[in-house]
Amino acid sequence: MSHLSSPPPKHKGEHKGHSLPRGSERGSSSRDKDRSASVSSSGSMTAGGKGGRSSCPPSAPQRAPNRLINEKSPYLLQHAYNPVDWYPWGQEAFDKARKENKPIFLSVGYSTCHWCHVMEEESFQNEEISRLLSEDFVSVKVDREERPDVDKVYMTFVQATSSGGGWPMNVWLTPNLQPFVGGTYFPPEDGLTRVGFRTVLLRIRDQWKQNKNTLLENSQRVTTTLLARSEISTGDRQLPPSAATMNSRCFQQLDEGYDEEYGGFAEAPKFPTPVILNFLFSYWLSHRLTQDGSRAQQMALHTLKMMANGGIRDHVGQGFHRYSTDPQWHVPHFEKMLYDQAQLAVAYSQAFQISGDEFYSDVAKGILQYVSRSLTHRSGGFYCAEDADSPPERGMHPKEGAFYVWTIKEVQQLLPEPVPGATEPLTSGQLLIKHYGLTEAGNISPTQDPKGELQGQNVLTVRYSLELTAARFGLDVEAVRTLLSAGLEKLFQARKHRPKPHLDNKMLAAWNGLMVSGYAVTGAVLGLDKLVGCATNGAKFLKRHMFDVASGRLMRTCYTASGGTVEHSNPPCWGFLEDYAFVVRGLLDLYEASQESAWLEWALRLQDTQDRLFWDSEGGGYFCSEAELGAGLPLRLKDDQDGAEPSANSVSAHNLLRLHGFTGHKDWMDKCVCLLTAFSERMRRVPVALPEMVRTLSAHQQTLKQIVICGDRQAKDTKALVQCVHSMYIPNKVLILADGDPSSFMSRQLPFLSTLRRLEDRATAYVCENQTCSLPITEPCELRKLLHQ
């Protein structure tokens, strides 16, 4: 993808990069360093451009709606009043393109995507551009969160024929769905060095009429190349690579890209990337006595602390924004995504397990407090995201970050109370201003704000420790903590009166699965039944609203209708690989947190369905989509990178390993080994692209521990042993409750459980590895010693 001008100072695009850690956000909703328009093709067309502001869907539409008005997706509904003759992805559009011999214009985005809003306002609401799209193309709009298969296929084309990718993604296809030109955001008109969207449309229209055969030949050639390049299979390999080698190489690559001062693994933009932090914690555990092990722990903990102190965390309302536009984690892209909250809750809980520092557990609890308040449906499901943009005041045009930023004057007016005992005259507002680095001119650099929208505004970011702030004003540390907490609460109450960002109240099975894990793991680690209850409610929601009992299949999406009821598209959007993988993980985590075997039973059933729908019996590993669902698409892919979300193949490999530990069924282990073998070449070539899979490879080659607690689930001594296990960081384990009933689900899965006895009628723990169990243990402190070895 060519960029034909110097990049603007602030990167505001929705970006997909290529490699971890330098540009490793393939699969993320990020913004690249240059949101200049770019276009790639199987021919030689390029263009560039610069964006304007976002827009929200019109509240009082002035024109008749197009056919997107009949869709459920919040993103498609945002385009329902464009003058473009939009079609949803489907046979009607494809038939029209074939019948009228027109190219398809495919535009992919999502409802909280800033630059999707920009392009809609500038181009898709433009009458002349809309007429071109409607007369010379068949225009198709896709929500990338509804159809990740469509997004992955054409993003693969855009990335392979360019230097990057992102959203909005705009691709031109033949009537047979073969891509021949692709790009990201386009400005509407030509600039001094940039070609505008209108010009690109005219050029493609003319090329289609004059050189269609050449375009078709080039398209077929590129598609053939992509098919060969994207193949993942075992080939003639019999076994996966050495875990020790892959671990070492992955760690070294991360170490080389690490930011010593601020943490993280890139200069800017900086993403949370929990998959990297999970790998580092796991690496530390298996290398605790080495310098590299200590280094891995330090890198992960420091990154988490710097993120939590930075502006990427919402200090007023909790939760994390999408990413930081600078190396210091200071100025974020303000969008909040569910999958970030889910994974970061787990990462901060694990940091607490490892360090014992309540700073991390407090952050984890804050994340879940935000999700419960702002992203949770009343029936227990979880919404997708909150937008970055909102009107500064009612009736005004939306601006990025308007809901989250503050002026000095606002803070001073909200917090005028004098602070008693300070060594100089001091108000609560001045204390908060000092601690969070607010300034009169605003603490956002003009280089981070090229449009001047954030001038005079401040992002709260912790500049000093509580001890330093207390010392500066001669105050007690606890007094400062209390004052700052009270001040943030007042800001939170004041912020309630601002216009809220747009909420994408669509619910995705995959992200709900991640969120079930977030609540279950955090609740188990912290011993908070309320959080485990939220995980249980999320799982119940999935089973009630996103599971078809007759077929055993998951649905990908459901939607919030008027009155808060839940509705589905017709026909329903069926689940993809990531939906099954992430939900199975969530259910396994929920079983370990609650010891309710019904969740494990459902996980087994879903894994069977996943294997039936997605497993590649010839090459190994899982395809991202069902063969029937993706009929007509030029590629059927296997996701091969852990990015903003882990690869569904990485998660599936770990799920299979755990399922073998829970059931002893050899076929789960065989599939796990086959999957790891299929991705061998990818791991050998770029282990840092698959840190989650490398972590699973290590767990496989080190063998999982089966920690069995024999006891009554409700008894205090049973709970004490269970909590001992949850308090420790032990990623390579399964936790099993044996209640002594030979007819129970667990006893039927693992017959050896019936040979394990309670000692002196007390709850008793056994640690089993390689079909050998430890001596019985009844004291939590003894169990801790054994597990710590």
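Me: Why is Gln 595 called buried?
Reply: Buried means under 20% relative accessible area, with exposed over 50% and partly exposed in between (1.4 Å probe, protein chains only). Gln 595 has 8% relative accessibility, so it counts as buried. The model is a predicted one, in which local features need pLDDT of at least 70, side-chain atom pairs count only at pLDDT 80 or more, and totals for chains, interfaces and linings use all residues. Residues are numbered from 1 along each chain as its sequence is written, and side-chain values use heavy atoms, without hydrogens and water.

Me: Where does Gln 595 lie, and what is its phi?
Reply: Gln 595 lies in the loop between helix H19 (577-594) and helix H20 (597-614). Its phi is positive, about 60°, although Gln 595 is not a glycine. Helices (H or I, at least four residues) and strands (E, at least two) are DSSP runs, numbered from the N terminus.

Me: What makes Trp 329 a buried residue?
Reply: The relative accessible area of Trp 329 is 0%, so Trp 329 is buried. Trp 329 is placed in the loop between strand E10 (323-324) and strand E11 (332-333). Its phi, near 60°, is again positive in a residue other than glycine.

Me: How do you know that the chain is as compact as a globular protein of its length?
Reply: The globule rule is 2.2 Å times the number of residues to the power 0.38, and the radius of gyration is taken over C-alpha atoms. The chain has 27 helices and 25 strands. For 789 residues the rule gives 28 Å, and the radius of gyration is 27 Å, close to that value, so the chain is as compact as a globular protein of that length. Of the 789 residues, 63% count as buried.

Me: Why is one side of strand E23 and of strand E25 left without a neighbour in the sheet?
Reply: Two strands pair if DSSP finds at least two bridges between them. The open sheet has 4 strands in the order E23-E22-E24-E25, with mixed pairing. Strand E23 (733-738) and strand E25 (772-773) stand at the edges with a single partner strand each, so one side of each has no neighbour in the sheet.

Me: What joins strand E24 to E25?
Reply: Strand E24 (residues 764-769) and E25 run antiparallel and are joined by 2 bridges. Cys 768 stands opposite Cys 773 in E25.

Me: Which peptide bond involving Pro 168 is cis?
Reply: The bond from Trp 167 to Pro 168 is cis, with omega near 0°. Pro 168 is in the loop between strand E7 (165-167) and strand E8 (169-173).
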